[in-house]
Amino acid sequence: MVKKLIVLSLFIGLLSCEQKKHHNLLTELNDSPSWTNLHNGVWKSIVNTPQEYNLLNTSGALPREEALSKIKGSDFPLEKSEIKAFSKNGKTYVRLPLEDGERIFGLGLNFKTVEQRGRIMRLHMDHYGGEDNGRTHAPTPFFVSTNGYGLLINSAKYIDVYMGTGVTKDSKNPDVSRDRNTDKKWTPQPKSDNIELVIPDEGVELVLFAGKNIQETVQRFNLYCGGGFIPPKWGLGFWQRTPTLYGEKEVQEEVNGFVNNNFPIDVVGLEPGWHSKSYPCTFEWDNTRFPNPKIFVEDMKNQGIHLNSWINPYVSPSSSIYEKIKPFTATHTVWTGIVPDFLVPEAHEIMTQQFEKNVVSVGVSGLKIDEVDGFDRWLWPDYAQFPSGLDGETMRSIYGTLTQKWSADLYRKQNTRTYGLVRAGNVGSVSLPYVLYNDYYKHEDFITALINSSFAGVLWTPEVRSSGSPEDWIRRMQSVCFSPMAMINAWADGTKPWSYPEVYEYCQDVAFLRMQLLPYIYTTFSDYYFKGTPPFRAMAMEEGFTHIPELIEQGDLNSTENPYVAALKKEIKDQYMMGESILVAPMFAGQKTRTVVLPKGKWYDFYTGKLVGDGGIITANHGLDKIPLYVKEGAIIPMMKPIRNTSEWGNNTTLEVRVYGNTPNEFILYDDDGESYDYEKGAYSQKILKTVKNNGKLKGTIADLKSESNWSYGALQWNFMSK
Ligand code: GAL
């Protein structure tokens, strides 16, 4: 009997132990993190104990509090109890609710998809390998939902995302169970009503942003992570990167070619051959190709040309700083080069001195920072160690940002703006003056990347290299002229704008059109700085694009079967907005026509001012001579004469102000000195360009708003495009 009792109590003990285990698990899954309100519409939660280094604190980016406070407050956008988080066995799990019809954008610089619902990814800094699996040049752990919020997972670890794929037993909104034997509607992926994240760390910092629409949510995210920036004016002109082994003589000939062929040029990019050795690099001039760097750079400046120099940050044994910097580098090398740990002050300082001596004081205006995204086989492994105490995984996530910050500061110290290229960015690099690029080269996918860059807090250039046909060449040239950096990267092929004579005239047209639009583009960038609005952005940020149910209710759209509604419901990955008013719909080689989905309201052809549609879907059939561009009702677009170099921007330049449609409106035109950081201290000017109705007709007016800096423009001609 006693024996029986002991066995029974042991059994009960075991049972309660089991029950306790289950109980614990349930409690963990039911944990809801607590949130602290930081700014209007911004909340933070620290779940358990995350590692010390995260994406934001390593970047040095600080929230732009004043700008954030200007966006009207919002309530906490989700039911707090529906957000769950817990940590276990070195991992932290986060779950958020996902509603039927909710749409998700973001999760880094993807090249093939814009909408992310239903996807599983591991966000991992890497070169882009042809698949949207999370490995990319900006694997930004941020997403934005049509449900009025965005979430930043501020962790520098590789994060697993299950974006509406996991189905839980206690789902509030479960799918119906179907019999595969007989029911054709059976699906291997039943509906999921949650977003699940796994962070390989003991805790995580989450930042939640509210927004009345996607754009506002993204603005808050950008401002919280440091806000955007305004490039130097020269950075918005045309860029030509020269072949690897070009020296002083060849670069001068290249510039002469641009002058003789009448093509805009502002920047020449020097590729690896400026170093005495590259891969790994010396950061010292090769004196056979560049016998007199200082004189050469000055000569270029006198011709209005800024220089940009390519580097990878891996230090060659032949560099004069090798021995000095060695103690402050990683356990592993890249191509035998040692890897500076920019978080260690000594390494930071040695690199700073080397670049001040050989780059900044020589007059070079900026850098192209290559290979900081990494190929697994070349880069340091995840288990590498850095003297700052970071592991290889954490360092890989932030290295692009660290190198951007270090190099931007070389110029900031002198109160000079820079604008450069980099192959890796992440949360915390939004305020750093760099544009991302890569070696992948699919035109269509480059446009999708440009769209996604607007959710990732980075800028992207669909750079042009060489092309299979004149048609491909001109279509790519058109796209790149409507991007943050208009650039030919001829490092390998030596292509020039005139390499395809059949379409050269059209290349000139689009490059000069970009130059004409610089007053508009520059103002667009000022919104990036002041308001956090991405200058080149997804259609989803246009009001009315993702709020279909409301539109249907308002009677703007009469049926869910309407092809326009169907188009609005699909992801849009081949058209985007440049600034407030211009819709860009690039065409690709082989296309004779393409469809364009217009946001609600009236839209006009940029070139002719003719009405093309009122919402709806239209067909563009622009020949090779033009990239389809459409302008919003009421838009005011300031332009200037077609200059070849931004040194001609200023000196009372005449403004042509184009007006589209017939609705009164205003546009705040921005200007500053174009090269210093004084704009951050208020040294800028703004004028209000305003259209008012006068006897049923629009009339243009201009008024001062602020004049704290030089003003580039003189006479003003209003051009009412829609007669
Ligand atoms: C690649 C880079 C190219 C070019 C080349 C020079 O890694 O993506 O744009 O700079 O290096 O070797």
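Q: What should I know about the model before reading the values?
A: The model is predicted, so local features need pLDDT of at least 70 and side-chain atom pairs count only at pLDDT 80 or more, while totals for chains, interfaces and linings use all residues. Residues are numbered from 1 along each chain as its sequence is written, and side-chain values use heavy atoms, with hydrogens and water left out.

Q: Which residues come nearest to the ligand?
A: Of the 13 residues around the ligand (a heavy atom within 4 Å), E271, Y279, K368, D370 and D439 come nearest.

Q: And how far are the polar side-chain atoms of E271 and D370 from ligand oxygen atoms?
A: For E271 the distance is 2.4 Å, and for D370 it is 2.6 Å; a polar contact is a pair of N or O atoms within 3.5 Å.

Q: How much of the ligand's accessible area does the protein cover?
A: The protein covers 95% of the 310 Å² that the ligand has on its own, with areas from the Shrake-Rupley method and a 1.4 Å probe.

Q: Switching topic, how many disulfides are there?
A: The structure holds zero disulfides, a disulfide being a pair of cysteine sulfur atoms within 2.5 Å. For C481, the nearest cysteine sulfur is that of C507, 8.1 Å away.

Q: Is C481 buried or exposed?
A: C481 is buried, with a relative accessible area of 1%, where buried means under 20%, exposed over 50% and partly exposed in between (1.4 Å probe, protein chains only).

Q: What is the order of strands in the open sheet?
A: The order is β33-β34-β35, with antiparallel pairing; strands are DSSP runs (E, at least two residues) numbered from the N terminus, and two strands pair if DSSP finds at least two bridges between them.

Conventions
Helix = DSSP H or I, 4+ residues; strand = E, 2+ residues; numbered from the N terminus. Polar contact = N/O pair within 3.5 Å; in protein donor to acceptor, adjacent residues only side chain to side chain.
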